[in-house]
Amino acid sequence: MASPLVQDARVEIRRTDLADVLLFLPSPHRDDRGLFTRTFDADIAAAHGLDPGAFRQDSQSRSHRGVLRGLHGRLGRGEAKLVRCAHGAVHDVLVDARPASPTFGRHQAFRLDDEAFAHLYVPPGFLHGFLVLSETADVCYRIDRPHDPAEDVAVRYDDPDLAIDWPQEVRTLSPRDAAAGAWAALRDALG
């Protein structure tokens, strides 16, 4: 899945199969009270080429089992984001939609949950979506620029060209996601 890039007492950072995507794995301190974990460290982010000061917005979604959100992306400059699941568990999927990337058109899935507290750095130019595996899940996003609805793009979660293997039944989609376009149409538009 991902090869270790660096590890310290606080956070292990792994490269993934997708170019420029990083997986951050904190080391929660657990005891009889519960746990404490670091969810973001500006020095560690900077040491791995991220500009912590570039993140401008924090957002959160709450969804129920079987809800699928995605696959969403942004045109233009795109948006970089850090994604984590603060409560529950999700099957998180990224699709590389950067035509010049060596992993263009490939996807990779990650389990994000409230046990390992892994989070992903998603560079601009990716499609992103997730399926909720637990009764409820809170997904948190740290985003590097304000949302511009004019740049929104969406691709069907079940697009046959992507052939993403979702681990359980999709029960609920938004009208926008149900009407999302095909990967081939976006791929051709991206040129």
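Leaving aside its neighbours within four places in sequence, which residues is H128 in contact with?

## Basis of the model

This is a predicted model, in which local features need pLDDT of at least 70, side-chain atom pairs count only at pLDDT 80 or more, and totals for chains, interfaces and linings use all residues. Residues are numbered from 1 along each chain as its sequence is written, and side-chain values use heavy atoms, with hydrogens and water left out.

## Surroundings of H128

H128 belongs to strand 12 (residues 126–132); strands (E, at least two residues) and helices (H or I, at least four) are DSSP runs numbered from the N terminus. Beyond its neighbours within four places in sequence, H128 is in contact with R69, G70, L71, H72, K81, V83, D92, V93, L94 and Y141, where contact means heavy atoms within 4.5 Å.

With a relative accessibility of 4%, H128 counts as buried (under 20% relative accessible area; exposed is over 50%, partly exposed in between, with a 1.4 Å probe and protein chains only). Its side chain makes a polar contact with the side chain of D92 at 2.8 Å. Such a contact is a pair of N or O atoms within 3.5 Å; within protein, one must be able to donate a hydrogen and the other to accept it, and residues adjacent in sequence count only if both atoms are side-chain atoms.

An open sheet of five strands has the order 10-9-12-7-14, with antiparallel pairing; two strands pair if DSSP finds at least two bridges between them. Strand 10 (107–113) and strand 14 (152–154) are the edge strands, each pairing on one side only. Three bridges join strand 7 (residues 68–74) to strand 14 in the antiparallel sense, and R74 stands opposite D152.

Strand 13 (residues 136–143) is largely enclosed by the rest of the structure, because six of its eight residues are buried. It runs antiparallel to strand 6 (residues 57–64), with eight bridges, and Q57 stands opposite I143. Strand 8 (residues 81–87) also pairs with strand 13 in the antiparallel sense, over six bridges; there, V83 has Y141 as its bridge partner.

## Aromatic pairs

The structure holds two aromatic pairs, defined for rings of Phe, Tyr and Trp (its six-membered ring) with centres within 6.5 Å; planes under 30 degrees apart count as stacked, over 60 as edge-to-face and the rest as tilted. F104 and W183 form a tilted pair, 5.6 Å centre to centre with 45° between the planes. This pair links distant parts of the chain, 79 residues apart: F104 lies in the loop between strand 9 (89–96) and strand 10, and W183 in helix 3 (residues 183–190).

The rings of Y157 and W166 are edge-to-face, because their planes are at 65°, with centres 6.3 Å apart. Both Y157 and W166 are buried.
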